[in-house]
Amino acid sequence: MKRSSVLWTLAIILTVVSAIWQRWSGPTYSVHFRDTVGGVEVSGKLLRTHSITGDLPVTIRTAPEGAEDPGVSGAMTWRRYPTNDPWETTPLPYRDGALRGMLPRQGMAGKIEYWVEVTRDGESFRIPQNEAAVARFKGDVPAVVLIIHILFMFFGMAWSTRAGLEALAGGPKLQRHSLVALVLLAVGGFVLGPIVQKYAFDAYWTGWPLGEDLTDNKLALAVLV
């Protein structure tokens with residue numbers, strides 16, 4: 001296999017791994033859980049992002065769909081974030097093998113912090129266990145805009161990684177790869193990114209010097225480097 005093919009293969013693998021890790025460790029990845037309470041398995045996920053077009057669903061699965069377990073009860077405790085509003089606790093009705101509820105929708109970039117507690121036979125299980133989950137509401141982004149933005153950012157990351165590998169290998173195409181990476185990141189992040197963010201959160205830019213958004217600041221730093 002040619003040297004260039006090897007470096008490209010490695011660059012793509014590193015980019016995919018990096019993208020997956022960023023997705024799993026990011027603030028919008030759902031809180032997944034599976035545990036046992038009172039001899040019953042409790043499973044599901046708490047959403048941390050949702051559309052402004054509807055309330056945020058909360059579903060805690062405790063039995064096969066269609067089955068009933070009257071011994072299971074649950075409640076969700078929530079408030080707007082970040083505020084000092086009093087916490088509100090709302091019971092979760094049980095039906096079709098799950099505890100189900102809805103949290104009220106918020107405006108663009110509005111947030112709610114919440115947790116759920118499940119009880120059966122005197123045992124309780126809190127989700128998440130040590131802190132509240134924070135869910136952010138966003139506007140809907142047109143699919144074509146979002147797809148093009150994602151493609152530019154993915155290939156920008158891949159070309160940046162390829163340029164880095166070229167530098168480590170002492171290859172002759174460092175300048176070319178660096179220039180392509182810069183163009184991809186600039187278009188994907190500084191042109192399409194603000195458009196996506198305007199649709200989702202009604203703001204074109206929330207990084208420095210206008211704000212402290214980590215994603216925007218990371219992009220600015222990457223392009224600067």
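The structure is a predicted model, in which local features need pLDDT of at least 70, side-chain atom pairs count only at pLDDT 80 or more, and totals for chains, interfaces and linings use all residues. Residues are numbered from 1 along each chain as its sequence is written, and side-chain values use heavy atoms, with hydrogens and water left out.

**Confidence**
- The protein chain has a mean pLDDT of 89, and 97% of its residues reach 70 or more; pLDDT is the predictor's confidence in each residue, from 0 to 100.
- Helices (H or I, at least four residues) and strands (E, at least two) are DSSP runs, numbered from the N terminus.

**Nonpolar cores**
- The largest nonpolar core has 25 residues, and those with the most contacts inside it are Leu-46, Val-58, Ile-60 and Tyr-114.
- At least two residues of this core come from each of S1 (31–37), S2 (40–46), S4 (56–61), S5 (73–81), S8 (98–103), S9 (111–120), S10 (123–127) and S11.
- Strand S9 gives the most to this core, with 4 residues.
- Apart from this core lies another, of 5 residues, including Val-141, Val-145, Ala-200 and Phe-201.
- A nonpolar core is a set of buried Ala, Val, Leu, Ile, Met, Phe, Trp, Tyr and Cys residues joined through side-chain atoms within 4.5 Å.

- Val-58 is found in strand S4 and is buried, with a relative accessible area of 1%.
- Buried means under 20% relative accessible area, exposed over 50%, and partly exposed in between (1.4 Å probe, protein chains only).
- Beyond four places in sequence, Val-58 is in contact (heavy atoms within 4.5 Å) with Leu-46, Met-76, Leu-99, Arg-100, Gly-101, Leu-103, Tyr-114 and Val-116.
- Thr-53 sits in the loop between strand S3 (49–51) and S4 and is exposed, with a relative accessible area of 55%.
- Not counting residues up to four places away in sequence, Thr-53 touches Arg-105 and Asp-140.

**Surface patch**
- Ile-12, Val-16, Ile-20 and Trp-24 make a nonpolar surface patch of about 360 Å².
- Trp-24 lies in helix H1 (residues 3–25) and is exposed, at 56% relative accessible area.
- Accessible areas come from the Shrake-Rupley method with a 1.4 Å probe; for residues, only the protein chains shown count as cover.

How values were computed. Patch = residues over 30% accessible without salt bridge, like charges linked within 9 Å, V, L, I, M, F, W, Y side chains within 5 Å. Salt bridge = Lys/Arg side-chain N within 4 Å of Asp/Glu carboxyl O.
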